[in-house]
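Have your viewer open and try each one before you read the solution.

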Amino acid sequence: MTQIIGLEGRWPDDVLVAWGAAALLLDDGMIRNTITGAVLPQSDWHRLIQHGHAYSLPEPIPIRLEYTYKKMLVVGIRGDRKSHDLFLPDTGRTGGIVASKRSRRLLFYVFMDRDSFDSYSGEVAASIAWNVLKQKPDEPNLLELVTAGLLIAPIDAQLHALRVVLSTNRERTLAVARAILSKSTGIQLFEGLLRALDADQDVDYWINYHDGIAEGGGLDVDTAVKQLGALSKIQKRLIPILQSLYPFLQSEESIPSYRLRQLKAASADLGFGVSLEGRPLIDRVARYLEIQLLQEVLRGNLPKELTDDREFLEDLHQLCRPSPETTVRQRPLQKSEDEAVVFEPFDEPTTARHDTTIRALCYIEGAYKQLRRIEVRLGPEMGAIVVSTEKTANDSTPAGAHLIQQDPSRFLFRPSLVYLDRYVDDQSRYRWYLSSIDVLSEGESVEIVDTPSAIVSGAFFRGPVMRLEKTGLTEYAVGGATFQVADPPTPAGARQWLQRFSQISARHELEHGLLDDVSWCPPAKVRPPSALMRILLVLNHTADGRLLLPELISRVNRIAEAHVRRGNTRRELKNNPELVTIDMEDDEVICITDLGRRHAQIYLRIVPEIAGDLAST
Amino acid sequence: MPNPLWFHAFSREAITDYFDVLCTSARPAPHMTTTKQCELDLGVASTSVYCYLGRTLEEFGDFAVALRPTPLPDAMMTPFDSGGLIANIRPICSWSNVEKSAYLTACSWSTVELRNLLQQYPGITPEEFRRYLDGERPLHPGPHALWGTVPEAMIWSEISNTWRAWAWEGRWANELPIHAALVAWSCAPARYASILAYADAVSDPALQPLVDRTLSLYVPGGVAHLLDRLKQEQLR
């Protein structure tokens with residue numbers, strides 16, 4: 001064990017928090033600056049304290065030897081001060097906390113590195129911003145709280161915007177904030193939030209329809225329901241995007257819906273407001289920010305997370321192009337002129353390119369539009385794919401589809417072999433087209449080329465061909481195993497046999513996935529790895545497959561979009577003992593098993609680009 | 001060729017004192033200090049402001065600025081902490097003041113010669129300059145091994161000597177202009193609220209742009225983070 005005995009810089013008595021490089025006492029009696037690595041004798045350390053260059057902790061904090069050369073940071077909090085609880089890290093959620101200590105009224109936390117600290121400080125800033133916005137603006141001490149938050153997160157855009165609004169010297173505080181943020185990526189968030197905070201009660205936003213559905217003025221009720229319904233669904237899809245842009249909104253239990261406040265007489269102009277009497281400031285701010293985001297979407301700036309979300313794009317299409325004859329315009333917040341709505345729906349296959357063709361086992365789980373559309377399920381964890389039974393990508397009729405029209409019960413919930421073509425446009429939005437479909441007869445066998453990957457959702461494994469044979473009325477054999485399909489088949493029964501088949505194909509993928517002559521059809525858009533896979537990837541990246549738990553969480557957080565709770569990590573260990581284990585002699589050390597390594601290595605073959613993220617951890 | 005920066009570290013009670021320095025110049029303390037006594041003992045002609053090349057001299061700091069060499073006025077530089085000659089750097093610390101003064105003079109060159117001096121010590125390859133920035137002991141026993149006119153003294157190989165014995169020191173007589181040469185600065189994060197309060201209160205329209213430009217160059221996290229961040233910049 002080594003010990004942390006101080007932190008860099010002064011910590012005045014009237015200041016709530018301090019943080020900085022740690023002073024680490026080494027075994028040889030020398031003291032090391034954990035960030036720069038500079039080493040000095042203890043006699044010099046006392047001199048530095050005397051001259052105000054360093055602060056000595058009341059009691060040393062023991063540190064495991066494994067962390068000796070990490071760029072550790074210490075945070076000190078005065079536990080007897082008001083609002084100090086807002087600075088306490090959530091030790092179950094925040095990774096990278098390697099030690100903590102309470103010394104009388106002082107609390108100290110040691111972070112493994114700057115990334116861990118930055119995660120923590122971001123959370124503190126968001127929590128303080130949310131707390132301030134929930135209060136009434138004339139509550140005392142809000143400015144003091146925001147300023148205290150800036151001690152931990154000095155260039156946080158949210159806190160600087162609040163400081164401007166709460167300041168009694170706004171013009172100067174605004175100039176100071178802009179100067180501090182001028183070189184930061186947060187300057188646009190700052191300006192956006194400031195606009196939301198400053199918006200007066202009457203600010204509004206308009207979506208205006210002309211001609212087409214609005215011909216003659218007004219909207220038919222069922223048309224209005226469709227348009228507002230699409231808008232409501234769009235709003236719900238945009239909430240996670242909004243919360244990632246403005247983290248303080250993550251603490252809000254529900255983001256309010258768009259508020260339709262005005263309908264202009266004899267027109268189809270819909271006016272949305274942001275301010276409601278008697279609601280806290282956070283309500284107005286949230287409404288303003290979500291309209292601001294909608295504005296950008298209608299300017300053609302789709303969040304990248306939604307560019308291939310088919311349902312979202314269909315709702316957007318409904319909102320922006322309800323009929324070919326209808327013109328849609330928007331009047332942005334705080335503007336007096338309308339502007340065109342920009343939206344290019346993905347409904348023209350000629351603008352997209354053929355990406356891949358798969359030959360896979362599936363079942364049809366639904367049909368609509370007089371059997372012109374069917375829902376095809378390829379795997380228990382995959383969403384159903386909707387395809388046309390009328391035309392392929394080349395405008396011809398899919399082979400076998402006419403049989404669906406004649407007798408849909410012949411296909412519903414039964415094992416079927418499909419050829420599906422995937423087309424992708426230049427914004428990574430994709431669409432599937434049915435090329436052919438066939439149900440097996442008794443005694444018939446077919447080759448299944450592609451199986452849904454058990455490692456990466458949406459990918460398809462192309463390994464040694466699997467032969468599926470219908471051996472009896474209800475029996476099927478594949479890959480040395482069998483499964484049953486009830487006759488007549490049922491939805492629950494279909495889920496069961498598909499689950500069984502996916503287990504067989506998962507074993508097939510794990511067994512053959514590291515051979516040279518296998519490949520995968522990647523998903524159209526790669527989703528972030530699951531919590532478990534992140535753990536496996538990080539452990540697989542180490543030489544010996546082992547890491548201390550705080551370091552594991554910290555590295556996982558760096559490749560994750562959301563934090564991994566320490567509790568979640570332990571849950572993954574408990575639920576997946578065949579993939580990850582705890583060291584028998586040291587329960588802080590997590591180890592990957594051989595099977596876990598195989599999972600990770602196969603993942604890397606399918607998504608090689610994540611290797612770059614791993615290298616940066 | 002590396003892009004070295006000069007670092008000046010100090011500590012003050014009042015934030016206004018920091019901004020006096022940041023927006024104008026650093027000056028020697030008006031009263032007698034240990035530094036001034038060393039200058040007297042070594043026969044340094046004027047009281048000076050001191051900087052160190054690549055990193056601060058102190059291993060921990062409350063406040064530091066990083067300065068680009070180009071707009072700074074000429075000064076003298078030596079390949080060790082001159083103040084260390086008095087008490088720390090062996091074997092010089094056991095010499096007489098006259099011998100110490102002569103040694104300092106022999107090892108002092110104008111900052112105009114910075115590029116040439118760096119080529120000789122520590123060297124200008126990325127690896128050589130990185131070793132210097134990491135505070136690693138030089139490969140030569142002392143400056144005499146590189147400059148023939150310097151008296152022999154094994155200050156670099158002497159085992160009890162530390163980074164102070166091989167850091168490049170710059171000495172600016174009377175005043176060191178900061179603002180025009182400022183690249184970045186930092187201070188203890190606990191001082192940040194006072195910095196904001198000061199900045200908000202600046203009402204002089206001539207001073208406001210200076211303060212704002214200074215604020216835009218702030219690096220959060222303290223002196224250690226400043227050094228860590230600028231290490232890569234200097235190696236480019």
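**Exercise 1.** How many residue pairs in polar contact does the rule find across the interface of chain A and chain B?

*Solution.* Keep in mind that this is a predicted model. With both partners at pLDDT 80 or more, the rule picks out 13 residue pairs in polar contact across the A–B interface. Next, look at who supplies the chain A side: β2 (17–25), β3 (31–33), β4 (39–40), α1 (42–50), α3 (142–152), α4 (157–166) and α5 (170–181) each put in at least two residues. β2(A) gives the largest share, with 7 residues. Sort that side of chain A by type and you get 26 nonpolar, 12 polar and 10 charged residues.

**Exercise 2.** Work out the extent of the contact between chain A and chain B.

*Solution.* Start with the residues: 48 of chain A are in contact with 36 of chain B. Then take the area: about 3400 Å² is buried between the two chains, and carbon and sulfur atoms give 59% of that. Finally, go for the charges: the rule finds 4 salt bridges across this interface. B:D62 forms a salt bridge with A:R10, with 3.4 Å between the closest N and O atoms.

Technical notes: Residues numbered from 1 in each chain as written. Chains lettered and ligands numbered in written order. Predicted model: local features only at pLDDT ≥ 70, side-chain atom pairs only at ≥ 80, totals over all residues. Heavy atoms only, no water. Contact = heavy atoms within 4.5 Å. Buried area = accessible area lost by both parts, 1.4 Å probe. Salt bridge = Lys/Arg side-chain N within 4 Å of Asp/Glu carboxyl O. Polar contact = N/O pair within 3.5 Å; in protein donor to acceptor, adjacent residues only side chain to side chain. Helix = DSSP H or I, 4+ residues; strand = E, 2+ residues; numbered from the N terminus. Nonpolar A, V, L, I, M, F, W, Y, C, P; charged D, E, K, R; others polar.
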